[in-house]
Amino acid sequence: MALFKSKKDVLSADLASQIGESEGMGVRLRRMARKNKLAVASAVFLVLLVLAAVFVPVLSPYDAVNGDASTRLQAPSAAHWLGTDEMGRDVLTRLLYGARISLAVGVVPTMISMIIGVALGVIAGYAGGKTDYIIMRLADVMLAFPSLLLAMVIMYTLGDGVMNIFLALALVGWASVARVARSETISLKETEYVQAAKSIGVKPGRIIRRHILPNCLPALIVLFTLNIPSAILSESSLSFLGVGIKLPNSSWGLMVNMGRQFLYNAPWISLAPSAAIMLVVLSCNFLGDGLRDALDPHLNNE
Amino acid sequence: MAEKILLEAKDLVKEFPAKGRKKVHAVSHVDLTIRAGETLALVGESGCGKSTLGRTLIGLIPPTAGTVTFEGTDLTALSQKELAPYRRQMQLIFQDPYASLDPRMTVRDIVAEPLETYGVCPDRAATTQRVRELLDEVGIPEEFLYRYPHQFSGGQRQRIGIARAIALRPRLIVCDEPVSALDVSVQSQILNLLKDLQERFALTYLFISHDLSVVRFMADRVAVMFLGKLCEVGTGADVYARPLHPYTRFLLEAIPQADPRLRDDEKNLLQGEIPSPIDPPAGCRFHTRCPYATDRCRTEPPSLRPLEGRLVACHRAEEL
Amino acid sequence: MDEYTLKIEHLSSGFFTERGYVPAVDDVSLTIGKGQVVGIVGESGCGKSMIARSVMGLLKYPGRITGGSIILAGQELTGLTDRQLQPIRGKDMAMIFQEPMTSLNPVVPVGKQMREALLLHENMSKAEAKAEVIRMLSHVGISEPEKRYNAYPHELSGGLRQRVMIAMAMICRPKLLIADEPTTALDVTIEAQILRLIRDLSRETGMSVLLISHNLGVIAQMCDKVYVMYAGKIVEQADALTLFDKRAHPYTRGLMDSVIRLDASPQRLPAIGGVVPNLLRLPAGCAFAPRCPHAREICHTERPELEQIGPGHWCRCFERGRS
């Protein structure tokens, strides 16, 4: 012990000057925030949208379901910021109520498909061999179907309802997640630190929990933000095609569909939800890009 | 030799599948013994199979054929579960200190992993205390316990890797090119540390390296490997003073000497490239590069035989 | 007329990062005569590769040259735009890197990649260029050059790839070859072949070589003149024999002492304690002072200048007289 004690103080002083500041996730996110203003703006927009959707009963003086016949098809004005629809309902109010479903449809099925996909993908990637073969062929089959068609089939079978939409979209989405999780796992499995854990004798379950999942996380978070818009779009398409959300509920896809017949006279009915979909999709993409940069340790070493 | 044998490999073979039903002959019929307390160096150029051999010896890669015995127990006959108590006794230090530490774990968690895996300490606090002691042993001040790997330099990371390897107080440590990614001055620090630890904890090292200078400093005995086979095994002093195998001689001569007076523009250099381990040459595997090769070398593989107090695999060792 | 192939004067370059300016190269002057092989030796992060990239005009953002001049065969290179550098790069000066695989395009056969340079810089037809490439490949010791012409980089071994890189660098007969750790990724028997090849080519063609290495063995075997770098500064310079015989700077001595000798086996190796300083937080005095066994008070407060201590022998140390 004495051998090292004598040298330790010198080394300690050197190290202190050498080692950079402790840099946690918070610091990195803040640095990213400074670098990527677009991602921050997107995050702010999404948060505001969620808040507005939650507090819309308080914020809006209008009823979302029962209209006022005297104010049918009015153009945007001070009273109705985005105009009114064919039943005299305030489009902005309906848009925010619709956001509840559209955002939920973006997040919940994506979350479910992420959980299924990550579990199956990591198992396939780590186990390899037959397990890998079976899981991945199953995923191939899922991916071979046009996803919208598949979702439609599931919806027809299960019937309408928000829950069934969640289920249909989750079943459609897991396969692509599994592919990403599998390829991440395979490359992580070959890293020296996983080899090191194996050489120590760490059991597979713990290797996956401690080494593989945390290191997959950045890729998965990015994938999550990128999958949300596709779920929102799928729901919009399903509702547009008449197998998704049914009246008197509203979702953005349904609103676009309902406004279709008035596109010429009252374009705001369709355009407002369309713009909302576009903004949310873009925001998610920007946020995903920003997160990918922020979570990449290689971009943060210098 | 009075020292007892710690690990012994007999007729060890490791082949990997390659494209088109071919095989990579990474390790071909290797016999090797490691004695308790010694440092045995495994030297060879890239692709010669030295890393594969090291990992096969400690059971990290299952061999295609052959046996590995650890103090009389045949490890190749054991199940994964039965292997666990032996695996504890054999640890690995990796080449790349940047890749061998999980970037998302703190130093404490990295060094604690082996302790937690085998439940060495009764609780979390005791584990952390043990980690502090281990870090102290390798010269990392304890105030860096909760730092992440990327905040350290290469040498410091390698110290952390060493702390992890000695955490379970193993008998044998396989050091796989532990200093080749480090700067010269840092290299010496790490090599000194490895020697100190060996003395304090009576460790046995299998020291894998392509750098003959480093091996000269570390090794008691040296095993030279070429394309999956051993060419020469002997004490460091013998092999460096008078190499018997032509390949060993060329390796030693190729080292660039740090003395401008020793320039030799005419010295014999080994010609050609290393043959592919997918399709190794028949006979002696070195014959395609060997200037002394005869017809016998091209057809009959030489066996590792005793000569002048060491082992050598060359038909013409005596005459050359 | 200048007799130097390359003359660098008071060159400074560094990185502008969020945490401040990193002075990777600080006031470095060096000269390379025609046909000379000049070495820069130092540990990782000492700025040796940064010099090479400054000369080639290959500094990556946020790196920039902040002062000094680089004169290649009488022509000033600093201040030239990338476009103006283009005809000089590859023709008058060329560079080979540590890892040849990363500097070759993986989807183009190596022969075609080499031909590019000829079509770009010399007035040659495709057929002439191909013949020249094949001649060059065989010149650097590649057997069956016609076959290798169509090979993809991944089909070649590390040694062959480095030969291809050298052939590619040599193809327009540059006045200066910059070799940045050319053999660090190679095995020792291949390293010896490649080093001999570089030296033979230099002798044959009168080409100057700037050889960057951390390996004192490689430096000792190859170089006429050597510069030792530490923390962005040159700390000692001399011709190879003088440097190895009269090593004056404590850092040079520390480096040379850490080279392991093959003819003895000591119980411990002499090592330089501590770690390389962070360039963002350089000490007030000599950068090596915190690690130096001979450091006095003045070493911690004032920065020593590079002073001549013998014919062609310069050293940056207050203590250079003592040993």
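The model is predicted: local features need pLDDT of at least 70 and side-chain atom pairs count only at pLDDT 80 or more, while totals for chains, interfaces and linings use all residues. Residues are numbered from 1 along each chain as its sequence is written, and chains are lettered from A and ligands numbered from 1 in the order in which they are written.

**View 1. Chain B as a whole.** Chain B holds 10 helices and 12 strands; helices (H or I, at least four residues) and strands (E, at least two) are DSSP runs, numbered from the N terminus. Two residues are in contact if their C-beta atoms, placed from the backbone, lie within 7 Å. Of the contacts in chain B between residues at least 6 apart in sequence, 65% join residues at least 24 apart.

**View 2. Burial of strand 7 of chain B.** A residue is buried if 20 or more other C-beta atoms, placed from the backbone, lie within 10 Å of its own. By this count 52% of the 320 residues of chain B are buried. In strand 7 (residues 172–176) of chain B, 5 of the 5 residues are buried, so the strand is largely enclosed by the rest of the structure. In a regular strand the side chains alternate between the two faces of the sheet. Here Leu172(B), Val174(B) and Asp176(B) point one way, and Ile173(B) and Cys175(B) the other way.

**View 3. Neighbours of strand 7 of chain B.** Two strands pair if DSSP finds at least two bridges between them. Strand 6 (residues 90–93) of chain B runs parallel to strand 7 of chain B and is joined to it by 4 bridges; Gln91(B) has Ile173(B) as its bridge partner. Strand 8 (residues 204–209) of chain B is also parallel to strand 7 of chain B, with 5 bridges, and Leu206(B) stands opposite Val174(B).

**View 4. The crossover from strand 7 to strand 8 of chain B.** Strand 7, helix 6 (residues 184–201) and strand 8 of chain B form a right-handed β-α-β unit. Right-handed means that, with the strands pointing away from the viewer, the path from the first strand over the helix to the second runs clockwise.

Definitions and conventions. A residue is buried if 20 or more other C-beta atoms lie within 10 Å of its own, exposed if 12 or fewer, and partly exposed in between; C-beta atoms are placed from the backbone.
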